[in-house]
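Here is a protein model to walk through step by step. Keep the sequence and the 3D view open as you read.

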Amino acid sequence: MLLLYLASLALLLPGSDDAHVVQERISFHLIQISSFANQSWAKHQGSGWLDEMQIHGWESELGTIIFLHTWSKGNFRNKEFAFLELLFREYFIGLTQQIQTHASQYHFEYPFEIQANAGCELHSPESPEGFFQAAFEGSDFLSFQNISWVPAPEGGSRAQKICDLLNRYEGIKEIVYNLTRNTCPRFLLGLLDAGKRELQRKVRPEAWLSSRPTVESGQLLLVCHVSGFYPKPIWVMWMRGEQEQVGTKQDDILPNADGTWYLRVLLEVATEEASGLSCRVRHSCLGGRDMILYWGHHTSVNLILLAVIVPVILLIIPVLGRKM
């Protein structure tokens with residue numbers, strides 16, 4: 001199992017002399033999704049995340065780590081990641097064998113899925129918090145708290161039995177504690193230093209409004225588009241004066257090709273009620289001042305085209321008159 005290999009890893013990974021100062025809560029965590037279709041088929045997916053930014057993937061066929069950024073290795077050496085790759089390959093092999101051997105004992109009925117989320121969070125370099133959480137079929141199953149495995153209420157007696165088994169192995173518990181409280185924070189500090197140029201960059205958002213009638217309700221769908229912003233955290237809301245509109249709906253924040261983000265925020269209203277509405281945007285790049293777009297005050301594409309075409313026509317007519 002993975003935990004048995006982690007002992008060697010904890011000994012191999014060096015300490016960090018990084019003086020990077022963490023001023024906000026930030027985390028690094030690994031996500032594992034293991035799908036078991038039957039007694040002979042299993043698939044494992046893995047990824048590494050710096051807060052909400054994915055920086056690692058896992059090539060399951062080759063058993064190798066995918067580095068999604070030039071700085072995704074932090075301050076770890078190539079041989080350390082080679083060891084990690086070996087460790088994860090062995091872990092997935094062992095996990096598959098153990099699950100398929102004991103599935104009936106613990107009443108795991110095929111097909112099923114196991115998820116795990118493990119990593120650390122920093123408030124400051126001196127106060128790291130480690131975590132390890134596992135879920136079965138999307139419901140909390142067990143977690144690692146302080147120095148013990150604890151079943152989740154949703155896990156029932158099955159989670160309690162597995163935790164009782166895991167808690168017998170003091171060495172494994174010490175390994176998990178050291179990895180989440182020591183190794184992970186050192187790696188996270190190295191990531192923050194190696195990637196600081198990209199992580200600290202700021203790009204001001206651009207915003208515009210559009211609308212379309214809704215066939216189902218006959219109302220007007222107002223859309224506030226916000227694009228090109230970085231970092232990802234942003235607040236966008238349809239407003240009437242200082243009153244937030246409770247019908248505001250926000251789509252998922254999507255990535256642009258240049259690494260910035262795009263967001264749509266929608267509000268469905270009666271056509272006669274659209275007047276007086278505005279879209280308000282708050283982002284760290286705006287210097288504490290909100291960006292406000294007022295509905296009815298924006299210039300439509302048709303008006304822009306008209307403003308360009310009319311002067312051109314006025315210039316062409318005299319020329320044509322002279323030629324005639």
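A residue counts as buried when its relative accessible area is under 20%. By that cut-off, 40% of the 324 residues of the protein chain are buried. Keep in mind that this is a predicted model.

Start with the overall layout. The protein chain has 6 helices and 17 strands. Now look at contacts between residues at least 6 apart in sequence. Of these, 58% join residues at least 24 apart.

Next, find the disulfides. How many does a search of the whole structure find? There are 2. One joins C120 and C184, with sulfur atoms 2.1 Å apart. It links distant parts of the chain: C120 sits in strand β5, C184 sits in helix α4, and 64 residues separate them. Both C120 and C184 are buried. The torsion about their S-S bond is about -75 degrees, so this disulfide is left-handed.

The other disulfide joins C224 and C279, whose sulfur atoms are 2.0 Å apart. Here two strands are linked: C224 belongs to β10 and C279 to β16, 55 residues apart. The C224 and C279 link is left-handed as well, with -80 degrees about the S-S bond. Are these cysteines buried or exposed? C224 has a relative accessible area of 0%, so C224 is buried. C279 also has 0%, so C279 counts as buried. Number the bonded cysteines in sequence order, and the pairing reads 1-2, 3-4.

Two further cysteines are worth a look. C163 is buried at 0% relative accessibility. C285 has a relative accessible area of 18%, and because buried means under 20%, C285 is buried too.

Helix α4 still bends, by about 35 degrees at L179.

Now turn to charge. Side chains of opposite charge can pair when their charged atoms come close. The count of salt bridges comes to 9. One of them pairs E121 with R25, and the closest N and O atoms are 2.5 Å apart. E121 is in strand β5, while R25 is in the loop between α1 and β1, 96 residues apart. Their surroundings contrast. E121 is buried, at 18%. R25 is exposed, at 52%.

Another salt bridge joins K232 and E52, at 3.6 Å from N to O. This pair connects two loops: K232 lies between β10 and β11, E52 lies between β2 and β3, and they are 180 residues apart. E52 is exposed, with a relative accessible area of 53%.

D193 and K196 meet in a salt bridge as well, at 3.5 Å from N to O. Both are partly exposed: D193 at 33% and K196 at 38%. Salt bridges that share partners also join E242, R280, R282 and D290 into one network.

Finish at a loop. E273 lies between β15 and β16. At 43% relative accessibility, E273 counts as partly exposed.

Definitions and conventions: Residues numbered from 1 in each chain as written. Predicted model: local features only at pLDDT ≥ 70, side-chain atom pairs only at ≥ 80, totals over all residues. Heavy atoms only, no water. Disulfide = S-S within 2.5 Å. Helix = DSSP H or I, 4+ residues; strand = E, 2+ residues; numbered from the N terminus. Buried < 20%, exposed > 50% of the residue type's maximum accessible area, 1.4 Å probe, protein only. Bend = angle between axes of the 7 residues up to and from the residue. Contact = heavy atoms within 4.5 Å. Salt bridge = Lys/Arg side-chain N within 4 Å of Asp/Glu carboxyl O.
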